[in-house]
Amino acid sequence: WSSIGLVPTRVRIPIPSLMKNIEVEIRSFISKEEYERLLDYFKNNAELFREDPDEITYYFDCDEDLRIQKNVEYAKIWLKKGKIHDEHREEIEVKVKRDDFELLEKFFLGLGYNVAVKWHRKRHLFRWGDIEVSMGHTKGYGYIIELEKMSDEKGKDAALEHLKQKLKELGVPLTPKEEFDKKYEHYINNWREILGQETVSE
């Protein structure tokens with residue numbers, strides 16, 4: 001029998017009014033040159049807390065945005081409310097041991113879900129003051145900078161404006177949601193071919 005080992009965590013009973021379970025996030029596509037410039041900037045002006053050469057994420061074909069992910073430290077089940085690329089989204093995560101990623105996939109396949117799309121991303125994660133910064137390159141998708149801050153319902157709009165201001169200070173224009181949606185739609189319809197082609201060429 002196989003069992004999934006949960007990563008030990010400290011259990012806290014949340015006070016509803018103080019819960020920060022709203023992910024406020026903005027993102028932009030950037031060029032390879034901009035990626036390298038910003039990566040150098042954050043290495044000198046922020047705290048690098050994770051470097052991942054191949055972060056793997058699977059999305060499942062269900063009504064909710066249900067994912068599993070494996071990085072260099074752990075694997076996790078990941079549920080995000082709302083619509084893809086929304087600026088405010090409630091999220092729920094359950095972390096497990098990294099080696100249990102394949103068990104997670106078998107678990108959801110056994111429940112009748114299928115893997116709808118797979119992503120392979122190289123990325124650096126930084127703490128930049130009170131903001132989490134992701135500098136990533138996703139195969140077949142592009143170079144992306146993401147700024148994220150956790151908030152509660154009351155503070156989400158102020159958090160969003162704060163992130164937009166910080167992105168502006170970096171000299172990076174905000175990519176419209178419609179452009180992300182268009183590239184996302186192309187990727188999910190062609191990801192098998194895209195990853196196959198890139199695997200052969202690398």
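A: Helices (H or I, at least four residues) and strands (E, at least two) are taken as DSSP runs and numbered from the N terminus. The model is predicted, so local features need pLDDT of at least 70 and side-chain atom pairs pLDDT 80 or more, while totals for chains, interfaces and linings use all residues. Residues are numbered from 1 along each chain as its sequence is written, and side-chain values use heavy atoms, without hydrogens and water.

On these terms the protein has four helices and eight strands, in the order β-α-β-β-β-β-α-β-β-β-α-α from the N terminus. Of its 202 residues, 41% are buried (under 20% relative accessible area, 1.4 Å probe, protein chains only).

A pocket is an open set of points on a 1 Å grid over the protein atoms alone, with protein on both sides within 12 Å along at least five of seven lines; lining residues have an atom within 4 Å of a point. Points are joined across faces, edges and corners, and a volume is the space filled by probe spheres set on them.

The largest pocket has a volume of about 1500 Å³. It is lined by 50 residues, and those closest to its centre are Lys 76, Trp 78, Glu 91, Glu 93 and Glu 148. Strand β5 (residues 88-96) gives the most to this lining, six residues. By class the lining of the largest pocket holds 26 charged, 15 nonpolar and nine polar residues; here Ala, Val, Leu, Ile, Met, Phe, Trp, Tyr, Cys and Pro count as nonpolar, Asp, Glu, Lys and Arg as charged, and the others, Gly among them, as polar.

The second largest pocket has a volume of about 220 Å³. Its lining has 16 residues, with Tyr 59, Cys 62, Glu 64, Asp 65 and Tyr 184 the closest to the centre. At least two residues each come from β2 (47-60), β3 (65-70), β6 (115-128) and α4 (177-201). Nine residues of this lining are nonpolar, six charged and one polar.

There is also one cavity of 30 Å³ or more, a cavity being a set of points where a 1.4 Å probe fits but cannot get out. The largest cavity holds about 30 Å³ of space and is lined by Arg 121, Ser 134, Gly 136, His 137, Thr 138, Ile 144 and Glu 146. Strand β7 supplies the largest share of that lining, four residues. The lining of the largest cavity divides into four polar, two charged and one nonpolar.

Note on methods: Buried means under 20% relative accessible area, exposed over 50%, partly exposed in between (1.4 Å probe, protein chains only).
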